[in-house]
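Subject: Structure handover

Hello,

Here is the structure for you to look at. My notes follow below it.

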Amino acid sequence: MADTKREIERKYESDDGGLPDLTGVAGVASVVDKGVVELDATYYDTPDERLTAASITLRRRTGGADAGWHLKFPVATGVRDEIQVPLSDKVPGALAALVRSRIREVALQPVVRLRTNRSVHDLLDAEGLPLAEVAVDAVRAERLTAGDGKAEWTEIEVELADGREPALLDKIDKRLRKAGVRASASPSKLARALEETGGGKRRRTKDRAEPVTAGDHVLAYVRAQRDTIVELDPAVRRDVEDSVHRMRVATRRMRSTFKSYRQVLDRSVTDPIGEELKWLAGELGAGRDQEVLAERITGIVGELPRDLVVGPVRGRLRNWSQSRHGDSRRRIIEVLDGPRHLALLASLDALLADPPLRAAAAGKPEKVLAKAVTKSFDVVSGLVEEGLRAAPGHERDVALHEARKKTKRARYAAEAATPALGGPASAMVGSMKQLQNLLGEHQDSVMSRQALKELAEQAHAAGESSFTYGVLHGREERRAATAEEELPGAWNGMKGGTGI
């Protein structure tokens with residue numbers, strides 16, 4: 001069983017290796033010496049150190065209060081999420097799955113062993129409650145691959161206690177620096193061990209030149225979406241809030257970019273990848289769409305007067321939502337574990353390593369990108385006008401939904417062009433987002449009414465009243481009508497502010 005802990009810490013170096021007196025730090029009433037513990041940790045990575053390149057660490061550690069397997073993901077500078085699993089001989093499958101998007105089908109192996117003599121001190125407040133833990137670590141590092149390099153050093157590690165304000169670390173930092181202690185030049189023990197033991201095959205991220213051509217800008221945007229998909233894989237597996245939605249958006253952004261910039265990237269290469277992105281977005285969308293519907297309908301039920309909620313409406317809605325969520329969660333994990341997803345990631349890597357550029361890719365972005373963005377806006381314009389002319393009901397619902405999809409494409413095309421085109425493209429992003437929200441409100445109403453009809457049928461079959469679902473259906477119809485009434489004015493206001 002895995003436990004997750006948010007780790008907020010800072011690392012320091014000192015020439016004398018000692019710990020300055022910290023009782024002078026504001027809020028620290030006492031410093032308690034907890035003695036010395038022996039820690040023995042073996043770090044795992046691929047032969048080309050893919051986890052290290054992504055600032056991810058996986059280790060098996062004995063000794064101390066938290067012996068076990070630890071997987072750490074970066075959150076921000078000095079902040080990591082640590083997932084802990086009990087000790088076992090092999091890398092736990094639960095942790096291997098969380099790094100699969102990084103390692104793909106490459107085996108994990110031991111790369112470094114760190115043995116640490118840790119002198120632990122607790123900083124306590126006036127009530128004797130922990131504020132932070134300060135450790136003086138005497139570290140011995142041994143390379144387990146590519147030679148037998150060894151290194152030794154001493155460092156100070158300050159970790160904030162759970163629930164304490166990070167500002168405390170700034171106060172401790174000030175005291176340490178005043179005593180001559182300096183911030184560590186390495187972000188982690190593993191990074192320092194790899195550097196000082198030498199002989200590794202560490203993958204280093206090359207500094208990329210600033211985008212110059214149209215192709216440079218499009219590829220930069222595609223690369224950002226690829227990176228987002230890879231980085232969100234562990235969060236989706238852990239069911240982190242909004243992670244499924246964000247991954248789905250990244251797939252849509254990339255697929256839209258392939259379509260909008262067909263003059264830049266050869267579609268004979270991008271079209272097959274686009275189909276796989278569509279597949280992935282569809283698999284992710286089953287859960288996300290359910291979440292949106294459940295949140296929306298629950299909110300509407302909460303707005304109803306009590307006498308209009310007849311029967312076990314909230315309970316039925318809750319069970320409906322949870323059952324769908326569980327089914328979608330299982331399916332998403334199956335997708336991420338499957339060979340088709342790994343093949344998609346490999347195809348994205350290959351595309352970025354050897355981009356299928358067309359002649360226009362070498363052109364000036366001010367011309368090539370502007371042309372693509374203008375074309376995408378023209379498509380939206382035609383579809384919105386078509387939707388406004390369509391007969392109310394199903395015909396208009398379908399037309400406005402199509403306009404919404406193309407609005408997203410236009411928005412993403414403008415996003416990719418913003419670094420090159422600046423203000424005009426940024427303004428179009430804002431306009432398309434506003435239009436997307438309005439059309440999204442309309443489409444959410446359409447989908448909610450379909451769900452309410454399903455819920456009403458289930459309630460009726462169970463011998464429950466379907467009255468409340470009918471009331472909600474009527475309210476959703478009014479919401480859609482309001483969106484349709486607002487659309488002409490909003491659209492006329494947007495058309496004049498897109499000066500691409």
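How are helix 13 and helix 14 oriented to each other? They are roughly antiparallel (over 145 degrees; under 35 is roughly parallel, 65 to 115 roughly perpendicular, the rest oblique).

First, the ground rules. This is a predicted model, where local features need pLDDT of at least 70, side-chain atom pairs count only at pLDDT 80 or more, and totals for chains, interfaces and linings use all residues. Residues are numbered from 1 along each chain as its sequence is written, and side-chain values use heavy atoms, with hydrogens and water left out.

**Helix pair**

Helix 13 covers residues 423-461 and helix 14 covers residues 467-495. Helices here are DSSP runs of H or I, at least four residues; strands are runs of E, at least two; both are numbered from the N terminus. The two axes come within 9 Å and cross at roughly 165 degrees. Axes are lines fitted to C-alpha atoms, for helices over the stretch in contact, with angles from 0 to 180 degrees between N-to-C directions.

**Salt bridges**

The whole structure has 50 salt bridges (side-chain nitrogen of Lys or Arg within 4 Å of a carboxyl oxygen of Asp or Glu).

- K189 pairs with D137, closest N and O atoms 2.8 Å apart. K189 is in helix 5 and D137 in strand 7, so the pair ties together parts 52 residues apart in sequence. Both residues are buried (under 20% relative accessible area; exposed is over 50%, partly exposed in between; 1.4 Å probe, protein chains only).
- R316 pairs with E464, again at 2.8 Å between the closest N and O atoms. R316 sits in helix 9, E464 in the loop between helix 13 and helix 14, 148 residues apart. R316 is buried at 19%, while E464 is partly exposed at 23%.
- E402 and K406 meet at 2.5 Å, N to O. Both lie in helix 12, 4 residues apart, about one turn of the helix. E402 is partly exposed at 26%; K406 is buried at 18%.

There is also a salt-bridge network, whose members include E7, R59, R118, D137 and K189.

Best wishes
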